[in-house]
Amino acid sequence: MKFKNKLITSKFQKRYKRFFADVESKGKILISHCANSGSMLGLLDKNNPAWVSPSDNPKRKLKYTLEIINDGKSNVGVNTHFANKIITEALTNKKIKELKIYNNFIPEVKYGKNSRFDFQLINKNTKAFLEVKSVTLSRNKGIGEFPDAVTSRGLKHLNELKDAIKHGYKSYLIYLVQREDCNFFQIAKDIDPDYYKAFIDAKKNGVKFLCYSCKVNSKEIYINKSIKILY
């Protein structure tokens, strides 16, 4: 996924009101939209290298969007709105080996009364659902982790993927590690033990878990390689 506009090199200053971030570039503070509802644990040290994208939409309240932070170990894609775009590109180009059997996909498919999954995957004989989770946390060298805060929404998705299997679907969840320095992935059970329990239960009941890392730079973010999930 290539960035539409050239990113601006800056230094991260602070995050506030959840969706606002200040960065400094050439002596000026650029107030930027932070499209990440997680805690961004481990990323928010002052003066971390950061990159923001400028918007050419005159109706936008904030002209800039925070896209990448470098935490001293790796560039990290922090705009969670891009996760599904990265996966769309990967599905189109058959970059996810476990999902190559599916020849078509539909984004944002409703499930039940009040829910939706990120993708429905389709081939001649099988229908499946795919949910995507963006991963930015890495507290231990080479290991990505999710979640970075308690996630009731993530818990709900695990239970819904498990329920879909009972209705004849296959269910997948992919953890998209938007950083380059990870060769393994694990659930941060100390941060959200209920999510970990639901994760183990979903695995026992047939939900398939995948994990891929990304290449992240100021021009593009794209899927790099499959990495091992530690159970």
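Q: Which residue forms a salt bridge with aspartate 71, and how far apart are the closest N and O atoms?

A: The partner of aspartate 71 is arginine 179, with 2.8 Å between the closest N and O atoms. A salt bridge here is a side-chain nitrogen of Lys or Arg within 4 Å of a carboxyl oxygen of Asp or Glu. This is a predicted model, in which local features need pLDDT of at least 70 and side-chain atom pairs count only at pLDDT 80 or more, while totals for chains, interfaces and linings use all residues. Residues are numbered from 1 along each chain as its sequence is written, and side-chain values use heavy atoms, with hydrogens and water left out.

Aspartate 71 sits in the loop between strand E5 (64-70) and strand E6 (75-77), and arginine 179 in the loop between strand E12 (170-177) and E13, so the pair ties together parts that are 108 residues apart in sequence. Helices (H or I, at least four residues) and strands (E, at least two) are DSSP runs, numbered from the N terminus. Both partners are buried: aspartate 71 has a relative accessible area of 15%, and arginine 179 one of 0%. Buried means under 20% relative accessible area, exposed over 50%, and partly exposed in between (1.4 Å probe, protein chains only).

By the same rule the count comes to 9 salt bridges. Among them is the one between arginine 139 and aspartate 190, at 2.8 Å from N to O. Arginine 139 belongs to strand E10 and aspartate 190 to the loop between E13 and helix H3 (193-204), so this pair links distant parts of the chain, 51 residues apart. Arginine 139 is partly exposed, at 36% relative accessibility, whereas aspartate 190 is exposed, at 54%.

Another salt bridge joins lysine 162 to aspartate 201, with the closest N and O atoms 2.4 Å apart. Lysine 162 lies in helix H2 (residues 152-166) and aspartate 201 in helix H3; the pair links distant parts of the chain, 39 residues apart. Lysine 162 is buried, with a relative accessible area of 18%, and aspartate 201 is partly exposed at 30%. Salt bridges that share partners also join Asp71, Arg179 and Asp181 into one network.

Strand E10, which holds arginine 139, is part of an open sheet of 4 strands in the order E10-E11-E13-E16, with mixed pairing. Two strands pair if DSSP finds at least two bridges between them. The edge strands, each pairing on one side only, are E10 (137-140) and E16 (228-229).

A pocket is an open set of points on a 1 Å grid over the protein atoms alone, where a 1.4 Å probe fits, with protein on both sides within 12 Å along at least five of seven lines; lining residues have an atom within 4 Å of a point. Of the 35 lining residues, Ser37, Thr80, Lys133, Ser134 and Arg153 are the closest to the centre.
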